[in-house]
Amino acid sequence: MRKIYYLNTDLDLLSSKELEPIVQAFADEAFCLYCGEEGRGHFRATFEMNGLISSPDIVMQHFCFLAESLEGDVRVLWNGCFKKVFDIGYEGGADHASYTDELRVDTLKRVADLGACIRVTVYPMEK
């Protein structure tokens, strides 16, 4: 039997403007999985942390620090994103034991203050 386990937390941004400046600002700390045009004049950038996958709370705290550190035009670009999503990913398991993760209140406040939301994605168990 395989248990449910935490995979990672991605940050997904959608904007009406090109997001490359944010990609450059995050480059030392976060890996950009995708940056490009989505169609209809929308742009997407998706990030994950470089090697930091211990818990959703820790990863989200680090992403918040990066976003809060943005300045000038890059901060304006962040603020203008019409969608900011922290996507917490899990691999589903086959046993019936429960699995618990915790997000601290200060993390939730930081996420809200950045205008972001939280999504949980459970992927099917790999065979």
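Trainee: Which residues do ring pairs link into a cluster?

Mentor: Ring pairs link Tyr-6, Tyr-90 and Tyr-99 into a cluster. Please note that this is a predicted model, in which local features need pLDDT of at least 70 and side-chain atom pairs count only at pLDDT 80 or more, whereas totals for chains, interfaces and linings use all residues. Residues are numbered from 1 along each chain as its sequence is written, and side-chain values use heavy atoms, with hydrogens and water left out.

Trainee: Why are Tyr-6 and Tyr-90 called an edge-to-face aromatic pair?

Mentor: Rings of Phe, Tyr and Trp (its six-membered ring) pair if their centres lie within 6.5 Å; planes under 30 degrees apart count as stacked, over 60 as edge-to-face and the rest as tilted. A search of the whole structure finds 4 aromatic pairs. For Tyr-6 and Tyr-90 the centres are 5.9 Å apart and the planes make 65 degrees, hence an edge-to-face pair. Tyr-6 lies in strand S1 (residues 5–15) and Tyr-90 in strand S4 (residues 83–91), so this pair ties together parts that are 84 residues apart in sequence. Strands (E, at least two residues) and helices (H or I, at least four) are DSSP runs, numbered from the N terminus.

Trainee: What makes Tyr-90 and Tyr-99 an aromatic pair as well?

Mentor: Their ring centres are 5.5 Å apart, and with 70 degrees between the planes this pair is also edge-to-face.

Trainee: Why is S1 described as largely enclosed?

Mentor: Of its 11 residues, 9 are buried, so S1 is largely enclosed by the rest of the structure.

Trainee: What makes S1 and S4 paired strands?

Mentor: Two strands pair if DSSP finds at least two bridges between them. S1 and S4 have 9 bridges and pair in the antiparallel sense. Tyr-6 stands opposite Tyr-90 in S4, and Thr-9 has Ile-88 as its bridge partner there. S1 is also joined to strand S3 (residues 42–49) by 6 bridges, again antiparallel; Leu-13 has Ala-45 as its bridge partner in S3.

Trainee: Which strands are called edge strands, and why?

Mentor: The open sheet has 5 strands in the order S2-S3-S1-S4-S5, with mixed pairing. Strand S2 (30–39) and S5 are the edge strands: each pairs on one side only.

Trainee: What makes Leu-108, Ile-118, Val-120 and Val-122 a nonpolar patch?

Mentor: Like charges are joined within 9 Å, and nonpolar side chains (Val, Leu, Ile, Met, Phe, Trp, Tyr) within 5 Å. These four residues together have about 320 Å² of accessible area, computed by the Shrake-Rupley method with a 1.4 Å probe; for residues, only the protein chains shown count as cover. Strand S5 (residues 117–123) gives the most, with 3 residues. Leu-108 lies in helix H4 (residues 105–113) and, at 37% relative accessibility, counts as partly exposed.

Technical notes. Patch = residues over 30% accessible without salt bridge, like charges linked within 9 Å, V, L, I, M, F, W, Y side chains within 5 Å. Salt bridge = Lys/Arg side-chain N within 4 Å of Asp/Glu carboxyl O. Buried < 20%, exposed > 50% of the residue type's maximum accessible area, 1.4 Å probe, protein only.
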